[in-house]
Amino acid sequence: QVQLVESGGGLVQPGGSLTLSCVASGSIFSIYTMNWYRQAPGKQRELVATSGRSTNYADSVKGRFTISRDNAKNTVYLRMNSLKPEDAGVYYCNARVDITSVGPSHDYWGQGTQVTVSS
């Protein structure tokens, strides 16, 4: 079983910063990509940042958010600076994982962590 666990969410004032963490554990052969998504109330879940063969960001967070990996720990981080109220929502960790050397890869999701940006 592969599990992803996010942490680091909370309440922050506009202009503040938070760092989210996501740790993957279980039977893992390799992790191809690790991603952060977010979903605000009444809105569709959106891809925020991707760390794989390349690093990519949603236009709305470029220059403010940074995704990074610690492969030895199967961990991905999302550093969020200059937070805006529109950044609020539930942030989800996602990973594309191989559990064997020959099988197909599968996507796994964390439970989400709440980020609130408010004064």
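The legends below describe several close-up views of a predicted model. In this predicted model, local features need pLDDT of at least 70 and side-chain atom pairs count only at pLDDT 80 or more, while totals for chains, interfaces and linings use all residues. Residues are numbered from 1 along each chain as its sequence is written, and side-chain values use heavy atoms, with hydrogens and water left out.

**View 1**
Arg38 is found in strand 4, residues 30-39, where strands (E, at least two residues) and helices (H or I, at least four) are DSSP runs numbered from the N terminus. With a relative accessibility of 6%, Arg38 counts as buried; buried means under 20% relative accessible area, exposed over 50%, and partly exposed in between, with a 1.4 Å probe and protein chains only. The side chain of Arg38 makes polar contacts with two side chains, that of Asp87 at 3.0 Å and that of Tyr91 at 2.9 Å. A polar contact is a pair of N or O atoms within 3.5 Å; within protein, one must be able to donate a hydrogen and the other to accept it, and residues adjacent in sequence count only if both atoms are side-chain atoms. Leaving aside neighbours within four places in sequence, the residues in contact with Arg38 (heavy atoms within 4.5 Å) include Gln44, Glu46, Ser60, Phe65 and Val90.

**View 1. The aromatic pair of Tyr37 and Trp109.**
The structure holds one aromatic pair. The ring centres of Tyr37 and Trp109 are 4.9 Å apart and the planes lie at 55 degrees, so the pair is tilted. Rings of Phe, Tyr and Trp (its six-membered ring) pair if their centres lie within 6.5 Å, and planes under 30 degrees apart count as stacked, over 60 as edge-to-face and the rest as tilted. Distant parts of the chain are linked by this pair, since Tyr37 belongs to strand 4 and Trp109 to strand 10 (residues 106-109), 72 residues apart. Trp109 counts as partly exposed, at 38% relative accessibility.

**View 2. Arginine charges over tyrosine rings.**
The charged end of Arg45 sits over the ring of Tyr92, 3.8 Å from the ring centre, and the charged end of Arg96 sits over the ring of Tyr32, at 5.8 Å from its centre. A charge sits over a ring if NZ of Lys or CZ of Arg is within 6 Å of the ring centre and within 35 degrees of the ring normal.

Strand 4 pairs with strand 5 (residues 46-51) in the antiparallel sense over five bridges, and two strands pair if DSSP finds at least two bridges between them. Within this pairing, Trp36 has Ala49 in strand 5 as its bridge partner. The two strands form a hairpin with six residues between them, and Gly42 in the turn has a positive phi of about 75 degrees. Strand 5 is in turn joined by three antiparallel bridges to strand 6 (residues 55-57), in which Tyr57 is the bridge partner of Ala49; the hairpin between strand 5 and strand 6 runs through three residues.

Four strands in the order 1-3-8-7 form an open sheet with antiparallel pairing. Strand 1 (2-7) and strand 7 (65-70) are the edge strands, each pairing on one side only. Strand 1 is joined by six antiparallel bridges to strand 3 (residues 18-26), where Ser21 is the bridge partner of Ser7. Six bridges also link strand 7 and strand 8 (residues 75-80) in the antiparallel sense, and Arg69 has Val76 in strand 8 as its bridge partner.

**View 3. Gln3 in strand 1.**
Gln3 is found in strand 1 and, at 47% relative accessibility, counts as partly exposed. Leaving aside neighbours within four places in sequence, Gln3 is in contact with Val23, Ala24 and Ser25.

Most residues other than glycine have a negative phi. Asn74, in the loop between strand 7 and strand 8, has a positive phi of about 50 degrees although it is not a glycine, and counts as partly exposed at 26% relative accessibility. Ser82, in the loop between strand 8 and strand 9 (89-98), likewise has a positive phi, near 50 degrees, and counts as partly exposed at 40% relative accessibility.
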